[in-house]
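Subject: Structure for your review

Dear colleague,

Please find below the structure that I am handing over to you.

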Amino acid sequence: MFCPLKLILMPVLLDYSLGLNDLITFYPELTVHVGDSALIGCVIQNTEGKSVTKVDWTHSPGQHGKDEYVLFYYSNLTVPTGRYQNRSCLVGDVSQNDGSLLLQDVQEADQGIYTCEIHLENENRVFKKAMVLHVLPEDPKELTVHEGESALMGCHFRSTEEKRVTKVDWIFSSGQHAKEEIVLLYNLNKPVRYPQYQGRFQNRVNLVGNIARNDGAIMLQRVKESDEGCYTCIIYLGSLMFRKTLMLHVIQEEPQTTTRPEILGGNHVVIIVGMVCTTLLLLTGLLLIVKTSRNQSSGSSTALVKSLEDTRKASLESG
């Protein structure tokens, strides 16, 4: 009878015993690859009109690691710290109670728990949100396909929040000094893809990623040898942008050679007819020679037998 009450009270008592009588939301998970960027959301609701005065982001690598500051915001000033100085920035609109963090060029050592603390004016409570970041090995930066096949090129911006991407551009370059070409353009406010009536990518490229989930992947169909080169995806988050580059290699199909029967000319026909006639004459002559030899051999044998019989008769008479 008292079990439901006990289950409700236990978390409250636990928070109080740990001194965590703040409002806490924690442990969603986000998985990224080395070198990618990660958007870690931290938005609070129902602030009763109170403005945000301070935002702190900390990182905890685990049980045996030391906690470290990532970034803090105070008095309209954002300060990244330590090894995050050139890789982190506050991308949320603080005036809208959004203290979201953008972590760029993610490294293996960045794996762990990230905690956001938002302080409101004239408020003793601290709104907290924690998230676990998992870091996987770097994604392959090269893709190899055969000529005529389709190539799926990924460009997924990892985020705990949805509907953050405002624009996606895909650019192609065949070499270091080659002119860049537009492959595809996408704008969230004006979804217009790459014009299909011009350019060599016309009618061959489609946006297949889910923009609502920050996925700007494209599919290039009927790949040609000239499509080999460097493809750059640019994802925009308002005024911020994230780049990802992929090198496409195209294996050229060897042409299949088919042998066609040669059409014989008049001279060839004459030569072939002559050879056939000569062969027939030779065969006829050979048959005649064999037949003659057999007749001669048969006559000689008959004469010899008759001679032997005459000799035998003569001997009998003289005896």
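A search of the whole structure, which is a predicted model, finds 13 salt bridges, a salt bridge being a side-chain nitrogen of Lys or Arg within 4 Å of a carboxyl oxygen of Asp or Glu. Local features need pLDDT of at least 70 and side-chain atom pairs count only at pLDDT 80 or more, whereas totals for chains, interfaces and linings use all residues. Residues are numbered from 1 along each chain as its sequence is written, and side-chain values use heavy atoms, with hydrogens and water left out.

One of the salt bridges joins Glu 123 to Lys 50, with the closest N and O atoms 2.9 Å apart. Glu 123 belongs to the loop between β8 and β9 and Lys 50 to the loop between β2 and β3, so this pair ties together parts that are 73 residues apart in sequence. Strands here are DSSP runs (E, at least two residues), numbered from the N terminus. Lys 50 has a relative accessibility of 22% and counts as partly exposed; buried means under 20% relative accessible area, exposed over 50%, and partly exposed in between (1.4 Å probe, protein chains only).

A further salt bridge links Glu 117 and Lys 128, whose closest N and O atoms are 3.6 Å apart. Glu 117 lies in strand β8 and Lys 128 in strand β9, so the pair ties together parts that are 11 residues apart in sequence. Glu 117 is partly exposed, at 22% relative accessible area.

For Asp 169 and Lys 167, the closest N and O atoms of the salt bridge are 3.8 Å apart. Asp 169 is buried at 8% relative accessibility, while Lys 167 is partly exposed at 30%.

Turning to the strands, two of them pair if DSSP finds at least two bridges between them. Strand β8 (residues 112-120) runs antiparallel to β3 (residues 52-60) over eight bridges, and Ser 60 has Ile 113 as its bridge partner in β8. Eight bridges also join β8 to the antiparallel strand β9 (residues 126-136), where Ala 130 stands opposite Thr 115. β8 and β9 form a hairpin with five residues between them, and Asn 122 in the turn has a positive phi of about 55°.

Separately, four strands form an open sheet of mixed pairing in the order β6-β7-β2-β12. Its edge strands, β6 (88-90) and β12 (158-159), each pair on one side only.

Yours sincerely
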